[in-house]
Amino acid sequence: MKLITKQLPSEHNIFMFGDVHDGSVLSSEKGWNKLITMMNSEYEGCSNNFGIDGGDMMEAILADDPRFSPEKLTEPLPLRQMDRAIAKRKSIKDKLLLILDGNHERKLWRFGDITAKVCEELGVDYGTFTVKLTIQDTRGKLMYKI
């Protein structure tokens, strides 16, 4: 388990999201765009918006996986799905507190640590599979933990 501490303004919003499953026909582009708009705008009277990505950024299912079905994928190649996950998060990378490793990315562990690579490319903290996040105010005083 990783321990991460962040200092945030006392007034802020945290958007917790995940299971985007980019590459799947069931992934909602409309829903993603709504999230990005909300994070990059004033929300409920506050413009200090941050996010926590809970993982499963991409479908990450290979052709030899029993779950594989070409008609269920918009992009069958995990490397392209990873590139797309990076591109989709660029506009909010400075607002992302961390990205967690999802079970879909973790399934490809023999290939490499996909979530670590996405985090490295974006400059976002890698929360691994589980994390304890401590939120402090700008003076370093504890506000809460997630």
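Predicted model: local features only at pLDDT ≥ 70, side-chain atom pairs only at ≥ 80, totals over all residues.
Visitor: Which residues line the largest pocket?
Guide: Residues are numbered from 1 along each chain as its sequence is written, and side-chain values use heavy atoms, with hydrogens and water left out. The space in this pocket is about 160 Å³, the volume being the space filled by probe spheres set on grid points joined across faces, edges and corners. Its lining consists of A60, L62, D64, D65, P66, K107, L108, R110 and F111.

Visitor: Which side chain has a polar atom 2.7 Å from the backbone nitrogen of A60?
Guide: A polar contact is a pair of N or O atoms within 3.5 Å; within protein, one must be able to donate a hydrogen and the other to accept it, and residues adjacent in sequence count only if both atoms are side-chain atoms. The side chain asked for is that of Q81.

Visitor: Is Q81 buried or exposed?
Guide: Contact means heavy atoms within 4.5 Å, and Q81 touches D22, G23, M58, E59, A60, L73, E75 and P76, not counting residues up to four places away in sequence. Buried means under 20% relative accessible area, exposed over 50%, and partly exposed in between, with a 1.4 Å probe and protein chains only. Because its relative accessible area is 1%, Q81 is buried.

Visitor: How far apart in space are E59 and D22, C-alpha to C-alpha?
Guide: E59 sits in the loop between β3 and α2 and is buried at 13% relative accessible area. Its contacts beyond four places in sequence include D22, G23 and Q81. E59 and D22 are 37 residues apart in sequence, while their C-alpha atoms lie apart by 5.7 Å.

Visitor: Which backbone oxygen does the side chain of N49 reach at 2.6 Å?
Guide: N49 belongs to strand β3 (residues 49-53) and counts as buried because its relative accessibility is 2%. A polar atom of its side chain lies 3.3 Å from the backbone oxygen of M38. At 2.6 Å, the side chain reaches the backbone oxygen of S41.

Visitor: Which residue of β3 does N13 stand opposite?
Guide: Strands pair if DSSP finds at least two bridges between them; β2 and β3 do so in the parallel sense over five bridges. In β2, N13, F15 and F17 make up the covered face, whereas I14 and M16 are on the uncovered one. Opposite N13 stands N49.

Visitor: What is the bridge partner of Q136 in β6?
Guide: Strand β5 (residues 131-136) pairs with β6 (residues 142-145) in the antiparallel sense over three bridges. The two strands form a hairpin with five residues between them, and G140 in the turn has a positive phi of about 90°. Across from Q136, the partner is L142.

Visitor: Is E44 buried or exposed?
Guide: Most residues other than glycine have a negative phi. E44, in the loop between α1 and β3, has a positive phi near 50°. With 71% relative accessibility, E44 counts as exposed.

Visitor: What is the relative accessibility of H21?
Guide: H21 is also no glycine, yet its phi is positive, about 50°. It is found in the loop between β2 (13-17) and α1 (29-39). H21 counts as buried because its relative accessibility is 16%.

Note on methods:
1 Å grid on protein atoms, 1.4 Å probe; cavity = no way out; pocket = protein on both sides within 12 Å on 5 of 7 lines; lining within 4 Å. Helix = DSSP H or I, 4+ residues; strand = E, 2+ residues; numbered from the N terminus.
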